[in-house]
Amino acid sequence: MTRFTDRPDSTPDAPRPVQLRSALDELPSYRPGRPAPASGERPAFKVSSNENPYPPLPGVVEAAVSAAAEMNRYPDMFASGLVAVLADRLGVPPEHLATGTGSVGVLQQIVQATTGEGDEVVYAWRSFEAYPIVVGISGARSVRVPLAPGARHDLDAMAAAVTDRTRLVLVCSPNNPTGPVVGHDELAAFVRRVPEDVLVVVDEAYREFVRDPDGADGLALYREHPNVCVLRTFSKAYGLAGLRVGYAVAHERVADALRKTAVPFGVSGVAQRAAVESLAHEDALLERVEALVAERTRVREALLSQGWDVPVTHANFVWLALGERTTDFAAHCEAHGLVVRPFAGEGCRVTIGEQEANDRFIQLASDWP
């Protein structure tokens, strides 16, 4: 029923605010990495968003431009061409794949499909900053389990945190923003401890940068356990952050639920075509990833030699646990043309970027008192 309020024109009441969900009151807003400040003296660098410093792979821009000529049409809602290529590449049925707007978009689909008011989601903390946001939007409750020494997942504590209210467990490997990878055997043992009706998501946004032979293989666990879902993205190693393409690999019942909760036509035709073309240039991709891994090693070794305690990282970034000095260090870097990602009171995440950006970071870390 439509509601009207009679008010004398001479004494109008103050307008009442629009009613919004109370669950939003406690949610933090996602904070993207800030752009590098303009400078006429020397180039400034943005190493705050874990972006790939290389341009798109060969042929990708041309494929995207060609696809853009059809922007007057809706894209393939289920990204059938991309799904077919991924299914062949990964050796999984097409019915086990679901796409979305980046891995965070697919994550939101997962949370919507599995949780509601009163449910619980278990994950390590600190981990990906979008986790508490997407969980809170669903009305579920976050159960944050502190990281173990070395900024690693404490899987024993996470298993102990699972209750009869738990519907979802998130395992970020390598962990964003700290960098360590979860071991395969320890993750396999963890999955066996989680009830079969609880979905375990292995978030592998940075998997291409992993060089630990004992690192967790989410796909292997998915093949063994119907309650394991693997989350991946084209934003990092593939350099398509601006096009927003992510996907999940899960057993058919889960994957079908993710397709139901997806935003219709969310992955554009341009993004689909660019992702397919990117998959066709794996040799060039591996060369770029190897170069970034080599730079990652160089940067971490330089920091260690300066006396910094830097966790072992298998992503495209390093983590400095600065505590209360975090924002001061970020300001120190920005004053010298380098924008890093501060997490106030905890530490800074610094992306491995161009060699010149990495050199400047090493120097600024050395200069830090």
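What follows covers the domains, the cores, some loops and the salt bridges.

## Before we start

This is a predicted model, where local features need pLDDT of at least 70, side-chain atom pairs count only at pLDDT 80 or more, and totals for chains, interfaces and linings use all residues. Residues are numbered from 1 along each chain as its sequence is written, and side-chain values use heavy atoms, with hydrogens and water left out.

## Two domains

The protein chain splits into domain 1 (32-53 + 281-367) and domain 2 (58-280); these bounds come from an automatic or database domain assignment. Their C-alpha centres sit 25 Å apart. On the contact between them, domain 1 puts in 25 residues and domain 2 puts in 28 residues. Contact here means heavy atoms within 4.5 Å.

## The nonpolar cores

A nonpolar core is a set of buried Ala, Val, Leu, Ile, Met, Phe, Trp, Tyr and Cys residues joined through side-chain atoms within 4.5 Å. Buried means under 20% relative accessible area, exposed means over 50%, and partly exposed is in between (1.4 Å probe, protein chains only).

Which residues touch the most other members of the largest nonpolar core? They are Leu187, Phe190, Phe234 and Phe361, out of 81 residues in that core. Helix 10 (residues 282-305) gives the core its largest share, 7 residues. Helices (H or I, at least four residues) and strands (E, at least two) are DSSP runs, numbered from the N terminus. Both domain 1 (32-53 + 281-367) and domain 2 (58-280) supply at least three residues each to this core. Another core lies apart from it, with 25 residues, including Leu107 and Cys172.

Zoom in on Leu187: leaving out residues up to four places away in sequence, it touches Leu155, Val171, Val182, Val202, Ala216 and Leu221.

Is Ala315 buried or exposed? It counts as buried, because its relative accessibility is 0%. You'll find Ala315 in the loop between helix 10 and strand 9 (317-320). Among the residues Ala315 touches, not counting those up to four places away in sequence, are Pro174, Tyr206 and Arg296. Ala315 and Lys236 are 79 residues apart in sequence, with their C-alpha atoms 9.6 Å apart in space.

Now try Ala160, which is in helix 5 (residues 155-161). Ala160 has 63% relative accessibility, so it counts as exposed. Between the C-alpha atoms of Ala160 and Phe343 there are 27 Å, and the two residues are 183 residues apart along the chain.

Time for some backbone angles. The peptide bond joining Trp125 and Arg126 is cis, with omega about 15°. Arg126 belongs to the loop between strand 3 (120-125) and helix 4 (130-138). There's also a cis bond from Asn176 to Pro177, where omega is near 20°, and Pro177 is in the loop between strand 5 (166-172) and helix 6 (184-193).

Ala79 isn't glycine, yet its phi has a positive value, near 50°. Ala79 sits in the loop between helix 1 and helix 2, and it counts as buried because its relative accessibility is 1%. Arg244 has a positive phi as well, near 60°; its loop runs between strand 7 (228-233) and strand 8 (246-249).

## Salt bridges

How many salt bridges does a search of the whole structure find? The search finds 17, where a salt bridge is a side-chain nitrogen of Lys or Arg within 4 Å of a carboxyl oxygen of Asp or Glu. In one of them, Arg273 pairs with Glu70, and their closest N and O atoms are 3.8 Å apart. Arg273 is in helix 9 (residues 269-279) while Glu70 is in the loop between helix 1 and helix 2, so this pair ties together parts that are 203 residues apart in sequence.

Glu290 and Arg211 form another salt bridge, at 2.8 Å from N to O. Arg360 and Glu356 meet at 3.7 Å, N to O, and both lie in helix 12 (residues 355-367), 4 residues apart, about one turn of the helix. Finally, a network of salt bridges links Glu204, Arg207 and Arg232.
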